[in-house]
Amino acid sequence: MRAIRAPVATPACQMPNLRALLLVTLAFTGFLLWQAWQQDYANRAPVAAADTPGAIEAGDPAAAIAPAADVPSAPATPAADGAAVPAAAGVETAARGSVVTVTTDLLRVVIDTRGGTLVDAELREFAREVKQPGRVRLLSDAPERFFVAQSGLVASSGSAPDHRANYLAAADRYELAAGSDSLEVPLTWTDGRGLAVTKTYRFARGSYLVEVRDTVANSGATAWSGSAYRQLQRVAPPVISGGASFTNPEAYSFVGAAWYSPEERFEKLAFDDFAENALQREITGGWSAMLQHYFFAAWIPPAAERTAFATQVVAEGAGAPRFLIRQVSPAQGIAPGASANFEARLFVGPKLQEKMAAIAPGLERTIDYGLVTFIAEPLFHYVLHPLYRLLGNWGWAIVFTTLLVKLLLYPLSEAQYRSMAKMRKLQPRLAALKERYGDDKQKYNQAMMELYQKEKINPMGGCLPILVQIPVFIALYWVLLESVELRQAPFILWIDNLSAKDPFFVLPILNGITMVAAQRLSPMTGMDPTQQKIMQAMPVVFAVMFAFFPAGLVLYWTVNGLLGLLQQWFIMRRVEGGASKA
């Protein structure tokens, strides 16, 4: 009698946990390779085009930059009373001013009296590393991480203090007092000819939003006309060592300029594209920002103000070029003896999803989930975050999210596992078919499909639950990557950071054990010895791969595997038990 070999044809999706991981890995790896390709190009050293205003080629030691290359031109607007006015007077500048330190419950900022510029901002509730001293510094005037928030005035008639002007401060240290809800920090400037400007920063308790007001008082003999401008200026951050990878998920996050308009909605501009795709647009009801992983800074003008938005590359001699996104307000004319205010708001802080939309329309778009936004946003807002509020722990929120997903997919999973149980019962009959048809694969496959049809088995039935879970898996990855709420979030015991890898690799090992158990319950129909060896090696392969994923993602997949294993064991035991009684 001819020796019976395992059938060659392999019914698709018959081993859900292993095949699921293969499908997820292929989809996920392709997605990350695409992201890494984009990131590689985005990280190229930007070179400003020679014909771009205010920009030169980076690295040219002989290049000379005008001192006011980052100051906008004054709008050509006549004075309020139509009288002739003198040309704008120059503003004397100094190398640097003194600093004013402001401390609130959430922020510690440093304001340079030269220009009233925010040159340092520390986020007091966000540690740089888990259980380590040191807070996140979003703004900094250190050359390698230069990122500042500037504002000033430009005059079409008369003088005006831009962000190089010297202001006076009443004190060098301000602190939000216990029981106070707000704190004001005034800076003053005069031109000696009747024009006085008071720049006031107003900080509020429990808020990363700072109100900025420039009050212009004209006690001179001639009318004054000018505009306010607000801008964010920074260098490209240092390239992350190792590039984009599972161990460096921050490398996938967008860093660059962004803005919002009611007409075009959310738009962004990578540093590499500043020279070629410069922004020049008037926007009403928008905002402009500089984004980075988890945190950002944004200038928000009054909602009814028609503001000119622009981007610019400002080269600093032989140093790294600086990238600037600016707003310029409409001009105001101020008659002698009158005064007027220029107002805006500055946000310096984290991308807290529940608060962004309330600050300004479209500000929630700074949390950028990319192509899976349509899944990631509802996953966070309607599942993860409500569960976190209920349970008080993001890890348990992920566990119960997994449970909800499994419950929603239970009808599909039940059909899948019932099909698997029936297929296990058919092993002897499939072996008999193989013996009957020998090496005639066409007749064997035809007979096998007829047998499946007769027994009402759909070998493709296991694919649907797997395909549904792939976008959920990728969406959860981006939620873990982009949601500052989950940054450094602890779970239990040794897992003190769900957004980083499991430090002791317990979850990846547990996932591998779960895969082995699922493998033993799954029929090996249609696999030759080589295929079987490959499938038996997969638990080890995936345990190693998952060792470098964020712990929150591995937690989701491990719990998913455990629940699937329980479902598989229960349903198959029930189906096979019922058949034996019959």
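Figure 1. Helix α3 (residues 373-391) and helix α4 (residues 394-408) pack at an angle of about 125°, and their axes lie 8 Å apart. Axes are lines fitted to C-alpha atoms, for helices over the stretch in contact, and angles run from 0 to 180 degrees between N-to-C directions. From α3, the residues L379, F380, V383, L384, H385, L387, Y388 and L391 meet W394, W396, A397, I398, F400, T401 and L404 of α4; contact means heavy atoms within 4.5 Å. Helices (H or I, at least four residues) and strands (E, at least two) are DSSP runs, numbered from the N terminus.

**Figure 2. The two sides of helix α6.** Within α6 (residues 427-437), L430, L433 and K434 are buried, that is, under 20% relative accessible area, with exposed meaning over 50% and partly exposed in between (1.4 Å probe, protein chains only). These three residues are on the same side of α6 because they cover an arc of only 100° around the axis, the arc being that of the directions from the helix axis to the C-beta atoms. An α-helix has 3.6 residues a turn, so residues three or four places apart point the same way. P428 and R436, on the other side of α6, are exposed. The cover over the buried residues of α6 includes α7 (441-454). Just after α6, G438 adopts a positive phi of about 60°.

**Figure 3. L430 in helix α6.** L430 counts as buried because its relative accessibility is 1%. Between L430 and L451 there are 8.7 Å in space, C-alpha to C-alpha, and 21 residues in sequence.

**Figure 4. The nonpolar cores.** A nonpolar core is a set of buried Ala, Val, Leu, Ile, Met, Phe, Trp, Tyr and Cys residues joined through side-chain atoms within 4.5 Å. The largest has 121 residues, among which V102, I111, V185, Y201, L232, M290 and L346 touch the most other members. Helix α8 (residues 463-482) provides the largest share of this core, 11 residues. Leaving aside residues up to four places away in sequence, V102 touches L107, R108, V109, I111, Y174, L183, V185 and F203. A second, separate core of nine residues includes L430, L433, M448 and Y452.

**Figure 5. Positive phi at R265 and Y294.** Most residues other than glycine have a negative phi. R265, in strand β13 (residues 265-270), has a positive phi near 65° and is not a glycine. Y294 is likewise not a glycine, and its phi is positive, at about 75°. Y294 is in the loop between β15 (287-291) and β16 (295-300) and counts as buried because its relative accessibility is 8%.

**Note on the views.** Residues are numbered from 1 along each chain as its sequence is written, and side-chain values use heavy atoms, with hydrogens and water left out. In this predicted model, local features need pLDDT of at least 70 and side-chain atom pairs count only at pLDDT 80 or more, while totals for chains, interfaces and linings use all residues.
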